[in-house]
Protein chains: 6
Amino acid sequence: MSRIDGRTPQQLRPVTIERGWSKHAEGSVLVSFGDTKVLCNASVTEGVPRWRKGSGEGWVTAEYAMLPRATNTRGDRESVKGRIGGRTHEISRLIGRSLRAVIDYKALGENTVVLDCDVLQADGGTRTAAITGAYVALADAIGWAQGRKLIKANRKPLTGTVSAVSVGIVDGTPLLDLRYEEDVRADTDMNVVCTGDGRFVEVQGTAEAEPFARDELNTLLDLAAGGCTELAELQRKALETVLER
Amino acid sequence: MSRIDGRTPQQLRPVTIERGWSKHAEGSVLVSFGDTKVLCNASVTEGVPRWRKGSGEGWVTAEYAMLPRATNTRGDRESVKGRIGGRTHEISRLIGRSLRAVIDYKALGENTVVLDCDVLQADGGTRTAAITGAYVALADAIGWAQGRKLIKANRKPLTGTVSAVSVGIVDGTPLLDLRYEEDVRADTDMNVVCTGDGRFVEVQGTAEAEPFARDELNTLLDLAAGGCTELAELQRKALETVLER
Amino acid sequence: MSRIDGRTPQQLRPVTIERGWSKHAEGSVLVSFGDTKVLCNASVTEGVPRWRKGSGEGWVTAEYAMLPRATNTRGDRESVKGRIGGRTHEISRLIGRSLRAVIDYKALGENTVVLDCDVLQADGGTRTAAITGAYVALADAIGWAQGRKLIKANRKPLTGTVSAVSVGIVDGTPLLDLRYEEDVRADTDMNVVCTGDGRFVEVQGTAEAEPFARDELNTLLDLAAGGCTELAELQRKALETVLER
Amino acid sequence: MSRIDGRTPQQLRPVTIERGWSKHAEGSVLVSFGDTKVLCNASVTEGVPRWRKGSGEGWVTAEYAMLPRATNTRGDRESVKGRIGGRTHEISRLIGRSLRAVIDYKALGENTVVLDCDVLQADGGTRTAAITGAYVALADAIGWAQGRKLIKANRKPLTGTVSAVSVGIVDGTPLLDLRYEEDVRADTDMNVVCTGDGRFVEVQGTAEAEPFARDELNTLLDLAAGGCTELAELQRKALETVLER
Amino acid sequence: MSRIDGRTPQQLRPVTIERGWSKHAEGSVLVSFGDTKVLCNASVTEGVPRWRKGSGEGWVTAEYAMLPRATNTRGDRESVKGRIGGRTHEISRLIGRSLRAVIDYKALGENTVVLDCDVLQADGGTRTAAITGAYVALADAIGWAQGRKLIKANRKPLTGTVSAVSVGIVDGTPLLDLRYEEDVRADTDMNVVCTGDGRFVEVQGTAEAEPFARDELNTLLDLAAGGCTELAELQRKALETVLER
Amino acid sequence: MSRIDGRTPQQLRPVTIERGWSKHAEGSVLVSFGDTKVLCNASVTEGVPRWRKGSGEGWVTAEYAMLPRATNTRGDRESVKGRIGGRTHEISRLIGRSLRAVIDYKALGENTVVLDCDVLQADGGTRTAAITGAYVALADAIGWAQGRKLIKANRKPLTGTVSAVSVGIVDGTPLLDLRYEEDVRADTDMNVVCTGDGRFVEVQGTAEAEPFARDELNTLLDLAAGGCTELAELQRKALETVLER
């Protein structure tokens with residue numbers, strides 16, 4: 001099978017990670033997985049939510065949203081509807097959990113980092129692009145906080161790196177990093193979040209049409225693990241240079 | 001390691017499935033997994049949501065909620081807060097997807113079944129108990145609709161059975177069907193939804209503390225698949241008898 | 001006139017009061033008036049709402065709700081609609097006022113008891129069943145709080161008992177404790193809340209069709225007072241035994 | 001006991017009923033019970049809510065609200081809070097039910113009348129003033145609709161008149177038509193809605209402090225019935241003159 | 001061109017300013033511009049919003065709303081809709097800014113004045129009538145606060161007076177103080193807020209149909225400035241007498 | 001006075017208008033006024049809102065929003081707060097009115113264009129940048145609709161061009177196109193919307209501190225008119241090239 005855009009089944013789309021996109025945020029990354037573009041802004045504030053005060057530990061959370069016309073047909077704004085939809089809630093929670101998996105709360109101290117992941121243009125895999133970009137924005141925000149002595153320089157609030165990718169079975173073939181057209185045709189759809197050392201943080205597999213067998217699951221996990229290894233390398237390279245502020 | 005309630009790691013809690021609990025609903029099941037009790041009511045209505053009209057296909061959806069004092073400390077009512085939380089949204093969507101995995105929409109015809117899963121008492125695993133009980137309520141509702149000729153008698157809207165169970169790694173030991181005390185101590189927490197023929201509908205694994213390695217994931221999947229096989233058998237038995245109405 | 005279920009006009013439905021229904025709540029009662037089943041959970045917390053702080057006085061409040069399929073046709077969830085309806089508000093307030101009528105706030109001390117009355121199955125008279133059951137749950141919660149020394153043992157926060165019943169005129173005949181089918185056919189519908197010593201806490205009479213004359217009102221009040229006396233006796237009996245925790 | 005404003009226990013405050021207050025509404029009454037002033041506007045629209053279409057029957061409903069500074073201390077606007085409170089809901093429903101008690105839906109035809117009762121200044125008894133004034137606005141609106149041939153001239157949509165008054169026991173003395181200062185000191189508070197022929201539409205009695213005995217209830221009902229008779233006469237007089245439009 | 005009500009183009013409607021309308025509010029003005037009637041209540045509270053605490057400075061804010069039947073056809077209540085519309089927001093903000101333009105926050109001290117402007121009857125120019133009336137209510141509220149020593153007697157929290165008027169171009173003729181029928185036919189519509197000394201606080205001009213040229217803008221500003229001078233004189237006269245409380 | 005960024009008082013910031021930014025929207029423009037960046041997406045749908053059906057006329061509307069971290073400190077999401085703020089409402093309405101001033105509804109036919117203006121980075125003048133960019137997106141959307149024959153090729157739905165700029169008085173000097181630092185220091189702040197032929201669509205001037213005199217107003221209007229002329233030329237140039245789709 002040849003893919004719409006000529007990729008091999010185990011090939012990622014072109015991924016770009018642009019740091020310092022916004023001048024205001026402590027960490028700001030515009031991440032693209034092909035035509036999927038997500039702006040990930042990290043905001044650092046001193047202090048933590050009430051339930052965590054006095055613990056000496058920090059907090060990391062995330063909010064995901066799509067611009068109304070990020071997609072092919074316009075969606076109503078959740079602010080206008082007056083409520084956040086289930087999908088938005090679900091993805092915001094996923095991003096937050098994924099990032100917290102590589103955070104040492106003690107080392108972070110009583111500081112909070114909020115990751116805003118706003119999808120400017122969507123073409124499948126927005127949540128996995130968001131996680132991958134948000135990690136880099138988070139790293140920059142922590143660097144900023146250490147520069148400002150909000151976090152002690154000898155502390156390491158990040159215990160590892162984290163990235164994510166989608167996989168799925170389309171017409172019987174397991175594919176890495178689905179575009180929207182592939183995603184809607186997939187029988188099974190899985191989002192996998194891995195640490196840079198190859199362990200799993202989240203595995204979310206859903207049978208869109210047919211339930212999937214154990215060996216299909218195994219193939220998808222292999223494919224995702226490979227993709228995450230590549231993404232971890234791209235994150236490492238993106239963070240090599242010093243960000244001018 | 002011995003578990004709080006003396007179970008072996010691969011042992012389910014006592015599971016009961018009480019059909020015909022409410023006199024109003026077309027399918028009504030009170031399911032218990034130990035001290036977790038969920039009332040699953042299935043409501044059948046003729047017709048489908050607007051976006052599906054004229055398709056000749058039916059629809060199945062679910063809403064999950066907890067009574068305010070289902071848990072150890074009282075939670076505020078979502079109706080009073082005026083909005084549904086992310087967790088509630090997430091679980092409602094999971095239950096709906098899980099049930100739709102075994103539905104033949106054409107055979108269902110333009111009918112809608114809504115599954116209300118209300119947790120009366122919680123002790124871990126409420127979403128997996130809800131899925132397991134809701135399947136039985138759904139089966140009863142479909143039987144009712146066939147009795148009323150809403151669905152033709154020779155149609156089979158159910159293409160299989162579906163059940164769910166939680167698994168997790170507590171103090172290094174993989175355990176089946178976590179109670180609340182185990183759940184809070186788990187490093188990794190996974191909810192697995194399987195069809196009666198042993199395939200996967202949903203796999204949702206989350207590293208609560210430490211990311212998990214591939215072999216741990218494999219062990220958990222084995223454990224869950226075994227649990228679901230047992231639950232499928234309990235569902236089959238529960239449905240053996242004719243429900244008096 | 002013979003009633004649908006063979007009762008005499010002045011006869012209550014079979015009433016059961018099951019204490020200790022939930023393992024989490026400080027007081028937990030499943031009350032049934034025939035097919036009407038309401039779960040009444042009492043939650044005790046130290047402290048009082050802000051406007052009462054420092055007064056040395058406690059607070060008792062209630063929230064009433066129906067499961068979506070407690071009734072013959074499914075009702076939308078108020079949490080999903082994002083607002084509480086007028087009927088729910090009205091009944092929650094009625095239950096709270098009724099219970100506060102037998103509370104000595106000083107003796108309660110700065111503690112709050114919230115009564116959650118969730119209708120699991122409805123067949124008329126849900127608000128009166130809720131009040132009757134909630135009183136017993138409240139009594140158990142206060143007993144619990146005295147056991148924990150939150151309330152001094154020599155204090156008597158309860159100044160009496162309280163129960164409630166509906167009455168109505170159906171086809172010209174005054175009836176006690178209406179079932180749903182009777183309720184919808186009633187010309188006049190009245191809910192009466194009485195203390196155990198036969199005084200009135202609330203009298204709410206509504207002409208559903210024809211306005212009612214003074215002598216009809218008197219007959220209904222007699223009928224209700226008799227019903228409340230019976231209910232007070234059932235509450236007393238239910239509370240005779242020591243609740244194992 | 002002498003009352004704050006020198007009234008006898010069974011004396012109403014000065015009541016004024018000013019018709020045609022607003023130039024826009026089909027019926028518009030500014031009613032005062034002493035310092036309590038309520039603007040009651042009746043809006044007629046052809047057609048009925050969806051659930052009533054095709055029935056040939058009309059509908060009457062009401063909405064009650066208070067201006068933020070109708071009271072001694074400013075209350076937050078319910079529009080700003082984003083939700084309607086329980087008290088507002090309760091009173092709106094009471095006004096609607098009270099008016100519908102004297103409506104012949106068939107004679108009204110498929111027309112809807114909405115009564116907006118906005119409290120401009122409050123000094124106790126706002127709901128009873130609202131009912132009393134709304135009846136007059138409703139009568140004017142029906143007259144208007146008959147003038148426009150929306151309702152046939154030979155039909156009588158009003159089957160009677162309706163008015164309301166509050167009564168209560170203050171320091172042991174039963175009083176008619178409580179002012180705010182009396183209301184807050186009342187042990188028992190009752191709102192009674194009567195038809196012009198002396199029958200009851202609503203009786204809502206609440207023990208604010210002490211439960212009340214049957215003979216106290218009887219005394220209060222006598223007092224209220226007398227007040228309603230006077231109010232019915234005032235309504236009749238107010239409607240005697242032809243309203244210039 | 002002769003206007004509907006016989007006014008000349010540069011003539012205001014009859015304006016009345018009735019102080020002390022409500023007995024509860026610290027300042028209470030019923031202002032009419034012809035058939036437009038707005039009740040402006042000023043509420044004084046000690047203290048300021050959290051973001052201003054400790055500044056030694058006060059705050060003035062406003063809330064505007066219309067009764068549902070203030071207009072020719074009934075509008076839904078914003079409290080029932082659960083959200084405030086854009087127009088309401090916009091006007092509330094405009095009134096607040098206009099009044100703050102003549103406030104010396106230091107002289108006001110840490111006190112808050114809320115101006116509630118509720119339109120009882122609308123016939124064009126409700127926002128400008130509201131500003132004009134609210135200024136008088138504000139002046140009375142400040143007088144009250146000085147009488148109570150909340151504000152020192154030698155302080156002058158008001159640095160000037162403020163009033164507002166609408167102007168517009170109808171059929172090519174610039175008109176002052178538009179009635180509703182004129183407003184809907186206007187090509188250009190402008191609301192102008194001036195201080196008593198003839199300077200501008202707000203200028204809001206909108207081309208409803210045709211964009212407007214600079215000289216038209218100049219003519220409208222002249223017209224508005226003249227109207228505001230007259231209104232300032234009416235405000236001065238209204239405030240001449242001592243308000244009995 | 002020299003400005004922070006070295007501009008003369010009557011100089012615009014560097015303005016860029018990037019067409020075709022998003023692949024999904026029918027018109028998509030990323031507009032920058034210096035560091036202010038707004039993504040303006042135009043969505044075309046056949047049909048019009050219900051109140052306009054059958055009129056043969058189209059509709060144009062706009063929604064404005066800011067990303068949470070578009071500003072120096074993070075703002076809460078309006079979707080999370082569950083309501084849209086007054087400022088957002090106000091600006092959305094302004095953008096819509098401004099664009100409709102150059103629309104011939106008849107020529108547009110029964111089509112709707114929604115302009116989503118999302119501020120990605122803010123540095124003052126977001127609403128004026130939004131209007132300026134949205135006009136170009138609207139022009140592209142109309143071109144697209146004519147290419148698809150939704151609008152007849154010989155129709156001219158655009159009757160002119162529209163752009164907007166802010167002006168203000170800072171330390172006594174009138175300045176064009178304020179940056180954020182200038183905006184917060186301005187005594188008077190004005191937003192002016194002009195057509196390409198130099199007429200006014202909206203004039204919104206606000207005295208932030210001191211009321212402003214007529215001659216100051218005149219100077220600001222001159223300055224704004226000059227800025228809009230330049231912007232109109234930039235819009236014209238941006239639209240010169242054919243947009244590849």
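This report describes chain relations, sheets and helix packing in a predicted model.

The same surface serves both copies, since 100% of the contact residues of chain F recur in chain A.

No contact joins chain B and chain E, whose closest C-alpha atoms lie 10 Å apart, and no contact joins chain C and chain F, for which the closest C-alpha atoms lie 10 Å apart.

## The sheet of chain E

In chain E, five strands form an open sheet of mixed pairing, in the order β1-β2-β3-β5-β4. Its edge strands are β1 (15–19) and β4 (59–66) of chain E, each of which pairs on one side only. Neighbouring strands of this sheet are turned by 15° against each other on average, when direction is ignored. Strand β4(E) runs parallel to strand β5 (residues 111–121) of chain E, and eight bridges join the two. In this part of the sheet, E:Tyr64 stands opposite E:Cys117 in β5(E).

Helix α2 (residues 86–100) of chain E packs on the sheet and touches β4 and β5 of chain E, its direction making about 145° with that of β4(E). Helix α6 (residues 214–240) of chain E also packs on the sheet, where it touches β1 and β2 (27–33) of chain E, and the direction of α6 makes about 30° with that of β1(E).

## The sheet of chain F

The sheet of chain F is open and mixed in its pairing, with five strands in the order β1-β2-β3-β5-β4. Here the edge strands, each pairing on one side only, are β1 (15–19) and β4 (59–66) of chain F. On average, and with direction ignored, neighbouring strands of this sheet are turned by 15° against each other. Eight bridges join β4(F) to strand β5 (residues 111–121) of chain F, and these two strands run parallel. F:Ala62 stands opposite F:Leu115 in β5(F).

Among the helices that pack on this sheet is α2 (residues 86–100) of chain F, which touches β4 and β5 of chain F and whose direction makes about 145° with that of β4(F). Helix α4 (residues 126–147) of chain F packs on the sheet too, touching β1, β2 (27–33), β3 (36–46), β4 and β5 of chain F, while the direction of α4 makes about 35° with that of β3(F).

## Packing of α4 and α6 in chain C

Two packed helices are described by the angle between their axes and the distance between the axes. In chain C, helix α4 (residues 126–147) and helix α6 (residues 214–240) pack at an angle of about 30°, with their axes 10 Å apart. The helices α4(C) and α6(C) are therefore roughly parallel to each other, and their crossing is right-handed.

On the side of α4(C), the contact is made by C:Thr132, C:Tyr135, C:Val136, C:Ala139 and C:Asp140, and on the side of α6(C) by C:Leu231, C:Gln235 and C:Leu239. By class, the contact of α4(C) with α6(C) has five nonpolar, two polar and one charged residues.

## Packing of α4 and α6 in chain D

In chain D, the axes of helix α4 (residues 126–147) and helix α6 (residues 214–240) come within 10 Å and cross at roughly 30°. It follows that α4(D) and α6(D) are roughly parallel to each other, and α4(D) passes α6(D) in a right-handed crossing.

Here D:Thr132, D:Tyr135, D:Val136, D:Ala139 and D:Asp140 in α4(D) meet D:Leu231, D:Gln235 and D:Leu239 in α6(D). The residues of this contact of α4(D) with α6(D) divide into five nonpolar, two polar and one charged.

Technical notes: Residues numbered from 1 in each chain as written. Chains lettered and ligands numbered in written order. Predicted model: local features only at pLDDT ≥ 70, side-chain atom pairs only at ≥ 80, totals over all residues. Heavy atoms only, no water. Axes fitted to C-alpha atoms, helices over the stretch in contact; angles between N-to-C directions. Helix = DSSP H or I, 4+ residues; strand = E, 2+ residues; numbered from the N terminus. Parallel < 35°, antiparallel > 145°, perpendicular 65-115°, else oblique. Left-handed = near helix turned anticlockwise from the far one by under 90°. Contact = heavy atoms within 4.5 Å. Nonpolar A, V, L, I, M, F, W, Y, C, P; charged D, E, K, R; others polar. Pairing = 2+ DSSP bridges.
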